[in-house]
Every structure is written in C-alpha cells, then in structure tokens.
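Me: I have a structure to go through with you. I will ask what lies behind the labels.

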Amino acid sequence: MAAAGATDKTEYDTFPKLLLRNADIFGDRPAMREKDLGIWQSWTWKEVHEIVKNYAHGLKKLGLKAGDKVAIVGDNRPRLYWTFAAVQSLGATPVPNYQDSVADEMVFVLKHAEVTFAIVENQEQVDKVLSVADQLPKLRKIVYDDDRGLQDYDPKDLHSFERVIEIGRKEIEKNPKLVERWEAGFDKYNGSDIAVFLYTSGTTGRPKGVVLSYDNILISARNGNAFDGLDEMEEVLAYLPMAWVGDHIFSYGQSYTAGFCVSCPESRETINEDRREIGPTYFFAPPRPFEIMLTQITVNMEDASTVNRWLYNYFMDVAKKSGEKILNGEPVPFMERVKYWLGELFVYGPLKNQMGFSRLKVGYTAGEAIGPEIFSFYRSLGLNLKQLYGQTEAGVYVTVQPDGEIRADTVGKPAPDVEIKIDKSGEVLYRSPGVFLEYYKNKAATREAKTKDGWVHSGDAGFFDDTGHLHVIDRAKDVGKLKDGTLFPPKYIENKLKFFPNIQEAVAFGDGRDFCAMFINIDLTSVSNWAEKNNIIYGSYQELAAHPEVYSMIEEHVREVNLQLAGEGDLAGAQIKRFLVLHKELDPDDGEITRTAKVRRGFVGERYKPLVDALYDPKNYKQHISTEVTFEDGRKGKLEADVEIRDVQSVDVPEAHMQEAAE
Amino acid sequence: MSDTTLKPSRASMSAGKRNWLVTAALFAAAVVGSLVVGEGSLVYEIFVSPFLFVVEAPDLFVQVIWEGLVAGTLYALLGLGFVLIFKASGVFNFAQGIMVVFGALSLVGFYAAGIPAILSLLLSIAMMYVLAWTVERVVLRPLVNQDPLILFMATIGLTYFLIGFGEFIFGGEPKTMITEEIGLPSGSYSFDFMGGFVSLQKLDIAAAVIAAILVGCLAVFFNKTKVGRALRAVADDHQAALSVGITLRQIWVIVWFAAGIVALTTGIMWGARSDVSFALQIVALKALPVIILGGLTSIPGAIIGGLIIGISEKLAEFYWGPLVGGSIESWVPYFIALGFLWFRPQGLFGEKIIDRI
Amino acid sequence: MNTAIAEIQPGKPILAMDHISLSFGGVKAIRDVSFDIRKGEIRAIIGPNGAGKTSLLNVINGFYHPQEGIINYKGAKRNDMKPYVAASQGIARTFQNVALFAGMSTLDNIMSGRMLKMKVALPWHIIRFGPAEREEIEHREFVEQIIDFLEIQAIRRTPVGRLPYGLQKRVELGRALAMEPELLLLDEPMAGMNLEEKEDMSRFVLDVNDQFGTTIALIEHDMGVVMDISDRVIVLDYGQKIADGTPDEVKNNQNVIDAYLGVAH
C-alpha cells in the first residue's frame, strides 16, 4: 500500500517507533481484536498506543528498567502482545514462553533469561510461576491479564493488568512530561539493538535463547510483506504459540510494519469458529491443522446425503484435474473452467467458507513437510497455500515459494535477501539480514551454529534441484546409515507414512542397524471412523491400536511406502522391514514430542527400549511394555500393554518399476 | 455379541430393498402389460391414461395442483394445531377439529348478534383464550401426570361437550361465513396457460398468504422469544423446566391459545369455502394422516405433510376418481398415511421411535 | 405465601429441615430427617444407593411434598415447597441424569435459566421490540459471563443433545447458575465422569462457592471429592440420617462405617 510504503522507511527501525507511526498514519484503523463474552472487541492503533503508553509507565513505576528481561506466558491475548511493545519501549527485552510447558520446563527459561518481571495470562500461569519462584531470585513482579480465581492471592508482588494501567495513567497525570521523555527514549535504540529472546523448543537438549535484533525481525517482516503484497487491509488470526518465531513475525512484526489488524481467538477450542468469523486474508499453520481440517471434511462428507456426496466427489475430481492449473495460471480448456466455476459455486466456495478461508490471499505451511495430497487439496480449491522453510535463527525466512512456482516436494527458492549454500556433507547454510545475533549466554553454541562471516548451519540436509528450488530431506545429523552403509533419512521415511490420514505419528529406527523399523501412532479421529465403518468394536485407544484389523490396514500403508522407497534409487535399501503400533499417543507432556509436535526420536527410543529391541529380535512377535505417563495436572501413572510386532515384505526394485510403468 | 446385534439390521435392510424392488418390478410389469393389453383395459386406465391426460391438458394439471395446495394449506394448519399441543403437553388433542368449528361459529355468532365484524373477530380471539384457560383449569390441571391415554379420552369428552355447548348457543344449522365483512377478497384471477386457462380464487390466495404469515409468526414466537424458549423447554423436559421456574400451567394456556388461534384461522378459511357447520369437524380428522406423515412432534412436518396430503388427494380425485365413481379424496389420505406407517412410522420429520425391549 | 423472607447472614442456616418424613404409598423414602444448611457452606449428602438422597433434594426444590415436617427456608416456615416458589426464591438445581432441553443450544439452555429474571411482559416479547430486545441483550450478557466462567465458548451454538456427557453436566450447571441461586442443589455432579472431568467440575463447584458466595448442597458418590470440597456432610441410610458433621467426623463415625460396609440392620 502506498501509504505504508512511503512512510515505512528504515527510520522506523524499532517496534516503539513503529507504534508511534501507526498511531499516526493508521490511527483509526483496527490494530487488534479479541472475542470476549461472545463479542468481538477491537482496538485502533490510537487506542493501542494509548494503552501501551499507560502500561509502560505503570511497569516503569513498578520498577522495570532498561536491560531487564520480561517473561510473557499465555495464549494469544491482546494484552500480551501489547506487553512486547511496552517492554521494548522501556529498553527491556521480552521473553515469550510456551504457555503449555510445565513448571519444570519453564523454570529453565526463566532462570536462564534472568527475568525480573513475568507478565502472564491467568491463574494457571501465575500458579506455575509462583511454584518455581524460589528458584528465580531475580523475579520481582508478576502481572496477570485475567483475574479469575486470583482475588485471594497475596497482592504484594502480584498485579492485575488493569492496576498497572491505572498506575501508569496516574503517573502521567502527575507529570505529563513523562510521555515526552518516554518517546524521546525510543531514539536511544535502533535496528541493531536486541528486540526479543526466543527460546527454541529444543528437539534435543535444553532450549537455547535465540537473540534477535529489531533489524532481524523488521527487515524479515518487511521482506515478507513485499513478497506477498501485504498491507494494512489484511486480517490475521493469532493462534500459534507466542513464543514461536513464526507468530512473532506474522502477528507482531508484519502487523506493525504493514499496519494490519491481528485478531485473538476467544479460546483455544473456538479457533475454527473464530477463523470463520474473521475470514483471515493471510494465514499460517504447520501441516497438522490442515490435516485435521481435511480429515474433518472427509468425515463429514461420508455422513452427508447422497446428493451432497456426489456433488463433492464430482467437483473434487474437477478440482484435482484443473484447480491447481488455474491457480498457477496455466492454460486450461474452456469447458474445464466452466466446470470449475460451477464447482466454486456449489462446493469449493461453501467449503472455503466453512474453513474460514473465503478471503484468503495467501497461506503458508511450514515447520514440517506437508503431505502432497493435503497440499494439493487446498490448492485445488483455489487457495494460494505455499510452503516456507524457516528457522528461529533466521528470523523465519530461509526459502519461500514464489507465486506460480509451487510444488509439494520443495520448500521454494531463497527468500528475499537470503543467500544459501550447501556444504560437502549436504548441510544447508544460509546468510541473511534475519540471522540472529547470538544464543543468549551460550557462546559455544553460537560459535558452532554461526560462522564468523555470518553463515548459519541450519542443521538440515538438503539439495537444490534444476529449477533452483531447495529440497530438505532431514536433520543433517539425523541422516544416518544402516549397517550395510545404505543412506537412512528417518524423518523422510516417517513423513511418507504420516501422509496417510490413518497415521498420526511415526518414529523410524535404523541408524547403525540391520534394517529400518517403525513405531506407528494411529490417528484416532480417522481410525475410529474407519473402525465404525468396518464394524470393529473397541473400548479404548489402546484396544483400537492393538486390533489385528488395524494392524493389517497399517501394514498396507507401510507396504505402499516401501513401494515408493523402492523407486527412489539408494533409498530402496531403507525399506521398512518390521513395525509396531504404539499403545499410547506420543505426548508432549511425557516429553515424547516437542510442543511444536516434532518427535524426539532419541528419547522415544530410550523410553521404549524393550520395544525397539523387540523390533530387531526376529523371533519376537509380542512384547510387554510398561510406561510411566504424566497426566495434565502433573500426577503420574503406569500404562501396561502387550504390543504386537509385524513383518512387512519389502518390494524388489524391478517390481516397483513395473508398478510405476503400469500406472 | 457383535454378530447378534448386526445380523438383524442387515436382514431388515435387505428386506427394505426387496420391497422397493418388488414395487419397481410390479410397476414395470404393469406398464408392459398395459402396452400389451391396450386401451380400455383396467391396467391402461390406471397406469397410462391419467399421465397422458396430464400431458394433453397441462392447464388442468396446474389447476388441480393449485386446488391441492389450498386444501393442503388448511390441512397443514390443522396438523399444526395438533402438533403444538402434543409437543408442549404430550396430549393428543382430539378436540382440535371441534375447536375449528367452535372458532368459526363464535365469529359468525358474534356478528349475528349485531357486533361489528372486526370487533367480532377480536372477541372470537378472546373466546379462544377463554377456552384455553378453561381447558387448562378444568381438564389439564386435575389430570396432570395422568396417562396420555386418559388425557386423550378427556379431549374426546371435551369434543362432545363443545358440540353440545355450541349447538346450545349457536344452534345446529349451517351458517355462512362473514367473508367480505372481515375483509377477505372474493372473485378470481384467470390467466391463459399452455392452451387452456387456470383460475385462482382470490380467497384461496388470501388463505395461503394468511396461513404463511401465521406460520411465520409462530416460528418467530417459538424460536425467538422467552416464552417460546420456555415452551420448547417444557416440550423437552418437564422436570427441568419446573426447576428453572417455568410454570406448566401458564405454558399450557399459551399453547392451547396458540392452537386456538390456528383453529380459528382454519375455521374462517374453511367456512368461507363452504359453510360453517359441525360437519367440518369430520373433515378436520384429515389432520390425522397429515401428522402421521409429518411426525407428531414436527412443525415443519405438519406443514409439508399437509401440503402433500392436499395435493395428492386432489390429484387422485381428479385423475383416478372417475375410475371408481369419484369421491376417493375422502379416503386416499388415510391410505397414504397407512403406507407411511409401514415404511416410516415416525413420519417424515418425527423423532425416531426407539422402544427399549 | 409467607413473605417473611429475611436476608440470611453467612454462617446462619439458610435452610432448616425439621423432622421431615416422606413416603410413597407404603414405602418410606425419608424418615424423620432434620438438618440445616448454612449460608455459604458446601454441604454434602452421602449414603448408599436408595438412601433417599435424591428424594431429599426433591423435597427441597418442591418436586415432592413431605407428609410430615417443616421446611424453614430463609426464615419462612412451610409444610412443603412448590417448584416455582423454590426457583423464584433462589433455589436452583441439577439432576442426576442430566435434564437439559436437548433440542436447544447451550446458549438457549442457559438462557432458560434467566426465565424468572426476565420481567418484561409477554406482548413485548411477541413483537420482540423495545424493552424486550434490551432485556434479551442484558440477559445474554449475563449468560455470556457464565459461558466464559465454565469455559464452554466453543459449544455455545451446539444443540446440547449432541454434546458428550461431561459437557452436558457443565451446561446444566450453567443453567442453574443463570438463576443466580442462593442455594444450589447438585445431584451427583460428577457421576459418570473421568478423572479429569471430575477435577474440572470440582474446581467449578469450589469457584462458584468462593466467587459468588453460593451455598451448595450436593449429592456425590466419589468420597474423595466429598471429603475434599465439602464443609459438612450428612449421611443417609434407608431414609434416616445416621451422621452429620465435618468430613473428618463423619469418616470416623461407626454408623457410617457400618452402613458402607453393609452391616445387617
């Protein structure tokens, strides 16, 4: 947009400066929305500026100083987003935390970052912080957003958001000059100063505090806006963890630079409905939510009337044939266009409306590989869904898919201002204005990840194809070798399995072993639906997972993956020989997957060692296992099961080629 | 365990399919047969001739459909009265038919007594309220928590009381509805249609419009107001409704009053087409097939059921009636209802009947 | 109706049952039971199946009319309650087997709890205009706060018949709360729930008691829950009161131990 473009010069190189600019040029446009008591409340940029001003003065009065670190814990709430700007306006550094992490996990981050203030959402988070307060000697004040259940708490070091605002308002009333001084203080900082600490969720080991500068975030955000033509008219829904770099760029960086409005859902359970009501124009999600939505549609369609089902199937076939071509601007016969147009009227339009994507301009999926069918499904509906490859250390963007060059199997071309090279071991290295300053208080790790001339080791293995698109196979250190020297990329194989709707999670073993073997987690929604159709009776997740028919169905999927692998040259040797279906869902509360749903392969291997051993014991077809599980409230229990192990036939390479030829 | 629960349902499903197959086969055989046997045979008269007639004279077909729609509107209103009361109080109200007559009679009666038409109309509405209040006081309240069958018997009693009471006050002879006096139009619109012409009575159009408005108002009332919410609450769960402070008596009066207004409207429309006489209450029994078709608890069911019955009886009368010397419209609806009971006892929209064994 | 209704101070009895007996035909459901419920407390009623617990709740909110005894609610003495009187004077309840209006949405179910608080006359509601519209909005706001309190925003528009059991119980609690009760009767609020749902429900019960000062009488089978959340406990067996006191007192009462172990009478 011209207005934003003209004034969006680098003089606005920090968030507080951008806030002033936005209050000035977008004054009466909405900046933030939240659904509260069933109604969407909204705040304009002017109002946000006013709140942040009072809030910052309140925090200052409570003793927040430049250089302090401030923890932010909670779901996506306007007040927590305002905390970023308020804290930054005082020269302090916000440290968002994953709101789901248990107190033990959280204490590491809070301690490591030496936080002095904690701004939290509600009683649950207050309790969590208080329970570890004795380990946090520097922590001085806690501020909470929602006061429910907190009336009886000792108010000495505990303040409600309203009270802080009130304190700030009174301060300014007493001495109006404070505001001038506050705003003048913004000029002490510029783009190269520290903006935020984002702790990585840590697939391995303890989390690392990625230190990002204003430039890192704002240049990345501006590049992102320019790349997709985003302006102050966009609508987004903030629902991904605030501690995640993606949300920080999309819901904070891009919103402040482009001036668009960010809406916060009413609660975590209402996200789908809220998205329908907001109709975002710009949307971001890891593959999982897209998978869930597709599963839901499929399930609904199976229960729909014959006419609706027929319409759906017919027009989805049309979409499969021409939808993506139309979206990519390729030539399509006139009749196909007519059919597609009818499909838009009867099927795609209503479906998109149902999902809240009617106004979607561009959507991104990242974090993990998305199933090609799922990706194509959304694109064939006319939704401009693209893939992106990014890292916290890069301020998100490493590669993105430009419009018109979108494929399911690549992560796109280098993002604006990003240089990429692949080293001898196959690892991807990148350099960009988004590249982080350092890991907080961890020089060794910084040295390991970032070269002197600014190249960052991504830790991922990948290659460029002829079209200049990057393919990411796996974590570089995870790409292992079987005993006979065959290349073994576990995640690559796992993802192939996870593309089946019936499989939620898969864990591959094989590095340094004789063959590749698998743990599989069934997808409860999908499999229970399948079970209902096939008259399979079960009482619990565990029973369903152990059902012989379920095993046979999963075996089919495994065989299909073997068939694919057999057609992929060297990987033919990495076919899956044995598998088992796990008796429980892998759970972040048990540390089995990360909060961003990445499997901790090593940890799972340790935890279920008897099962892994059984997989590699050719005579063992049933293994007993007893697992300790943690309930949501922190109590522990034991889960016992006998898990069946199945052999799978591997596919000969010639056979695979024959099948391919027949298709 | 799973076998025993599964087999019967599979068996019944295939039985259902077989029924359809048999029907289809019979129909095919009949058509083929008629072609073989030729014109004049019974099979030809039933399966071929009427359809040829439809094609030959589409204007007549449209006219018949229209007549059916109008009759159907009135049936729908009748069914609606039943459904309202059944939903809210679980009473199958046999007296709905006589309420139609009673409503129309009081309107005519008030006017005959020299009261202006509009005031008579308002008085008749008040009369329906008095009736609702009295029914709650005298019939429902003393019999609360009694078996539905007993309440049903009580409504039969109510029917005969109202017949006697009505004859005592208004006399037994048929009367003419004060159609024009209360502002209903007369005359008709005619227009050419595919080589013939179709004629629509203005009164019928007014009936359809008024019925639609009435249904719309009721829908808003039941879905959007606190009383409507209370009413649906009572229909769903008596005890829970009591526990939030809803008084059943008040709700019953309101429901019977609503049914009374529906009855009054039906009575006026019907009276305008024929006479106002006690014989109308027999016609009112047509509501039975309507609610069997639509389901006892469904308001949309009553409306759609009414329209289906209205249209099909007129079609049957016009195209097949002559075969048996006419007047089959008086029994065809019951026949259709019987067929429905066979395949779908809960009606088109009714709640599934699940009896625990 | 006795109009001598006093404002009851916390800690003083809001309800006193004096020598209540109830029988159906020849079956004695409640025999000469006396007890009180103090304002602000959580009072549990426990006992083996068929001990008369639900009958007792039904007497309190007027579904059953006892043959003998006196009910003193907020200083007004009566021989029996009527449901309407109970509801309009601040007694709300939930049911053992969930009695919701299955065809209506969560929102409408909870709104139905506002019935008695809505004062605007019927004709306004029929045309849904002016004061009725304002009243509807005002009560909707109150209901939204309950929805927020019970964390059921996601099911606001769902017909309750389609909800899982645990959520239905929550909606039922919401409907009772919408009445702004002074005395809330909960008939087995945690029956049929899993551990997590039970904990949620216990938290809600405690929060209601704590934040709104609502007096609560509840029937519950889960002894852990009862001992955790209640201030005083009445134990019934075969329609008779066999113990009354704090959870600890009751736990150690020999009659109670006998009744639960099934010692012959």
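Me: Which residues of α9(B) meet which residues of α11(B)?

Reply: B:Val227, B:Ala230, B:Leu231 and B:Val234 in α9(B) meet B:Leu248, B:Ile251, B:Ile254 and B:Val255 in α11(B). Contact requires C-beta atoms, placed from the backbone, within 7 Å. This is a predicted model: local features need pLDDT of at least 70, side-chain atom pairs 80 or more, while totals for chains, interfaces and linings use all residues. Residues are numbered from 1 along each chain as its sequence is written, with chains lettered from A and ligands numbered from 1 in written order.

Me: Why are α9(B) and α11(B) called roughly perpendicular?

Reply: The helices, residues 226-236 and 248-273 of chain B, pack at about 105 degrees. Roughly perpendicular spans 65 to 115 degrees. The label therefore applies to α9(B) and α11(B). Their axes are 10 Å apart.

Me: What makes C:Gly239 buried?

Reply: Buried means 20 or more other C-beta atoms within 10 Å. C:Gly239 has 23 such neighbours, so C:Gly239 counts as buried. The residue lies in the loop between β9 (232-237) and β10 (240-245) of chain C. Beyond four places away in sequence, C:Gly239 touches residues including C:Lys28, C:Arg31 and C:Gly52.

Me: How many residues does each chain give to the contact of chain C with chain B?

Reply: Chain C gives 27 and chain B gives 19. On the side of chain C, α2(C) gives the most, with 4 residues.

Definitions and conventions
Axes fitted to C-alpha atoms, helices over the stretch in contact; angles between N-to-C directions. Helix = DSSP H or I, 4+ residues; strand = E, 2+ residues; numbered from the N terminus. Parallel < 35°, antiparallel > 145°, perpendicular 65-115°, else oblique. Contact = placed C-beta atoms within 7 Å. Buried ≥ 20, exposed ≤ 12 C-beta atoms within 10 Å, placed from the backbone.
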